[in-house]
Amino acid sequence: MKVLWISRHRPKEPESQALSDLLGGVEIVPISGTVPNTWALVSLLDTHSPDAVVATLPLDMQEVLLAELKHRG
């Protein structure tokens, strides 16, 4: 399972292990730094085609991300 990790900080080992335990093995794709806008979020989803997303984002960007993920199924 591919997990897109969107945060200013890369996942620490305990976080990576917890995700792996919960999801049965994962490939974490870290996106570090600031995501400038909602179009960049859509582009990240297009580029990486993740099965799951862990994101630390402002609420308005979380809303867009969730709507886009729901739309994609």
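Which residue takes a positive phi just after α2? The residue is S49, whose phi is about 45 degrees, and S49 has this positive value although it is not a glycine. Most residues other than glycine have a negative phi. S49 is found in the loop between α2 and β3, where helices (H or I, at least four residues) and strands (E, at least two) are DSSP runs numbered from the N terminus.

The model is a predicted one, in which local features need pLDDT of at least 70 and side-chain atom pairs count only at pLDDT 80 or more, whereas totals for chains, interfaces and linings use all residues. Residues are numbered from 1 along each chain as its sequence is written, and side-chain values use heavy atoms, with hydrogens and water left out.

Helix α2 itself spans residues 38–48, and its buried residues are A40, L41, V42, L44 and L45; here buried means under 20% relative accessible area, exposed means over 50%, and partly exposed lies in between, with a 1.4 Å probe and protein chains only. These buried residues of α2 pack against β1 (2–6), β2 (27–31), β3 (52–55) and α3 (59–72), contact being defined as heavy atoms within 4.5 Å. At the start of the helix, a side-chain oxygen of N37 reaches to within 3.1 Å of the backbone nitrogen of W39.

The largest nonpolar core has twelve residues, namely L4, I6, V29, I31, V35, A40, L41, L44, L45, L57, M61 and L65. The elements that give two or more residues to this core are β1, β2, α2 and α3, and α2 gives the most, with four residues. A nonpolar core is a set of buried Ala, Val, Leu, Ile, Met, Phe, Trp, Tyr and Cys residues joined through side-chain atoms within 4.5 Å. In soluble globular proteins, nonpolar side chains tend to be buried together. M61, one of the core residues, touches V35, N37, T38 and L41, when residues up to four places away in sequence are not counted.

A buried residue of another kind is S7, which is found in the loop between β1 and α1 and counts as buried because its relative accessible area is 10%. Leaving aside neighbours within four places in sequence, S7 is in contact with I31, S32, G33 and T56.

Turning to charged side chains, the structure holds two salt bridges, each being a side-chain nitrogen of Lys or Arg within 4 Å of a carboxyl oxygen of Asp or Glu. In one of them D46 pairs with R72, the closest N and O atoms being 2.6 Å apart; this pair links distant parts of the chain, with D46 in helix α2 and R72 in helix α3, 26 residues apart. D46 counts as partly exposed because its relative accessibility is 48%, and R72 counts as partly exposed at 38%. E68 also forms a salt bridge with R72, with 2.7 Å between the closest N and O atoms, and both of these residues lie in helix α3, four residues apart, or about one turn of the helix.

On the surface, M1, L22 and L23 form a nonpolar patch with about 310 Å² of accessible area together. L23 belongs to helix α1 (residues 13–23) and counts as partly exposed because its relative accessibility is 35%. Such patches are made of residues with over 30% relative accessible area and no salt bridge, like charges being joined within 9 Å and nonpolar side chains (Val, Leu, Ile, Met, Phe, Trp, Tyr) within 5 Å. Accessible areas come from the Shrake-Rupley method with a 1.4 Å probe, and for residues only the protein chains shown count as cover.

Note on methods
Polar contact = N/O pair within 3.5 Å; in protein donor to acceptor, adjacent residues only side chain to side chain.
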